[in-house]
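Got the viewer open and the cartoon showing? Let's walk through this one stop by stop, selecting as we go.

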Amino acid sequence: MKNLIRFFLFSFCVTVIFTNCQQDNELDKVGTPITVDFEFKTQVTDDLSISFEEVTTDSRCPCNAACITAGLIGVKLKIETNGTTLTKLFTLPNYDGPEEGVYDTDFMGYNIELKDVLPFPCNGEPEIDSDYSVEIMVTEL
């Protein structure tokens, strides 16, 4: 009976240790690609969160079309850290438009870079804003 109790205690301790390690790794997303869905907020670190607020424009050339220009994709992200908020319009590089290539910003010790906006327009998708997600990369300065 003592061995059975020890086994369960050991199993419990190992589970708690690995669960705590996994939670810490999930919270520190600096230096890894992060996907943020439309109108969702992602906690990047203890003090940094990013929200995908709005798709401002999507004039990218659809995958099955031949276009003169590549088009433009613009999204608005809200970045919050230590009680300070920045709402910024990002556009992907290599697209035409007045805000051409505004794809990263430095804010409160972090660099936030827009890597991609999905899905790419193809066969009538995306249809509504909630279909979108952004891929970002956060690095410390």
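Start by selecting Met108, which sits in the loop between E6 and E7. Keep in mind throughout that this is a predicted model. Check the backbone at Met108: phi is near 50°, a positive value in a residue other than glycine. For context, most residues other than glycine have a negative phi. Met108 counts as partly exposed, because its relative accessibility is 45%.

**The hairpin around Met108**

Now widen the selection to residues 104-107, which make up strand E6, and to residues 110-118, which make up strand E7. The two strands form a hairpin with 2 residues between them, and Met108 is in that turn. E6 and E7 run antiparallel and pair over 4 bridges. To see one of the pairings, pick Phe107 and look across to Tyr110, its bridge partner in E7.

Next, show the side chains of E6. Which of its residues are on the covered face, and which on the uncovered one? Thr105 and Phe107 are on the covered face, while Asp104 and Asp106 are on the uncovered one.

Then select Lys115 and Glu113. Their side chains meet in a salt bridge, 3.5 Å from N to O. Lys115 has 40% relative accessibility, so it counts as partly exposed.

**Past the end of E7**

Move on to Leu118 and Pro119 and look at the bond that joins them. Is the peptide bond from Leu118 to Pro119 cis or trans? It is cis, with omega near 0°. Pro119 itself is in the loop between E7 and E8.

Follow the chain to Ser133, in strand E8 (residues 133-140). Ser133 has a relative accessible area of 11%, so it is buried. Show what surrounds Ser133: setting aside neighbours within four places in sequence, its contacts are Thr35, Val36, Asp37, Phe52, Asp116, Val117 and Leu118. Phe52 is on that list, and Phe52 is where we go next.

**Into the core**

Select Phe52 and bring up the nonpolar side chains around it. The largest nonpolar core has 23 residues, and Phe52 and Val134 are those with the most contacts inside it. Strands E1 (33-37), E3 (48-58), E4, E7 and E8 each supply at least two residues of this core. As a general point, nonpolar side chains in soluble globular proteins tend to be buried together.

What does Phe52 touch, leaving aside neighbours within four places in sequence? Its contacts include Val36, Phe38, Phe40, Val75, Leu77, Tyr132 and Val134, and also Ser133 from the previous stop.

A search of the whole structure finds 1 aromatic pair. The ring centres of Phe38 and Phe52 are 5.3 Å apart with their planes at 90°, so this pair is edge-to-face. Phe38 is in the loop between E1 and E2 and Phe52 is in strand E3, so the pair ties together parts that are 14 residues apart in sequence. Phe38 and Phe52 are both buried.

**Charged pairs**

Time to switch to charged side chains. Side chains of opposite charge can pair when their charged atoms come close.

Select Lys41 and Glu80 for another: their salt bridge is 3.4 Å from N to O. This pair links distant parts of the chain, with Lys41 in strand E2 (residues 41-43) and Glu80 in strand E4 (residues 73-81), 39 residues apart. Lys41 is exposed, with a relative accessible area of 52%, whereas Glu80 counts as partly exposed at 21%.

Then jump to Asp58 and Arg60. In this salt bridge the closest N and O atoms are 2.8 Å apart.

**Last stop**

Finish on Asn82, in the loop between E4 and strand E5 (84-91). Asn82 has a positive phi of about 50° although it is not a glycine. With 56% relative accessibility, Asn82 counts as exposed.

Methods. Residues are numbered from 1 along each chain as its sequence is written. This is a predicted model: local features need pLDDT of at least 70, side-chain atom pairs count only at pLDDT 80 or more; totals for chains, interfaces and linings use all residues. Side-chain values use heavy atoms; hydrogens and water are left out. Buried means under 20% relative accessible area, exposed over 50%, partly exposed in between (1.4 Å probe, protein chains only). Two strands pair if DSSP finds at least two bridges between them. Contact means heavy atoms within 4.5 Å. A salt bridge is a side-chain nitrogen of Lys or Arg within 4 Å of a carboxyl oxygen of Asp or Glu. A nonpolar core is a set of buried Ala, Val, Leu, Ile, Met, Phe, Trp, Tyr and Cys residues joined through side-chain atoms within 4.5 Å. Rings of Phe, Tyr and Trp (its six-membered ring) pair if their centres lie within 6.5 Å; planes under 30 degrees apart count as stacked, over 60 as edge-to-face and the rest as tilted.
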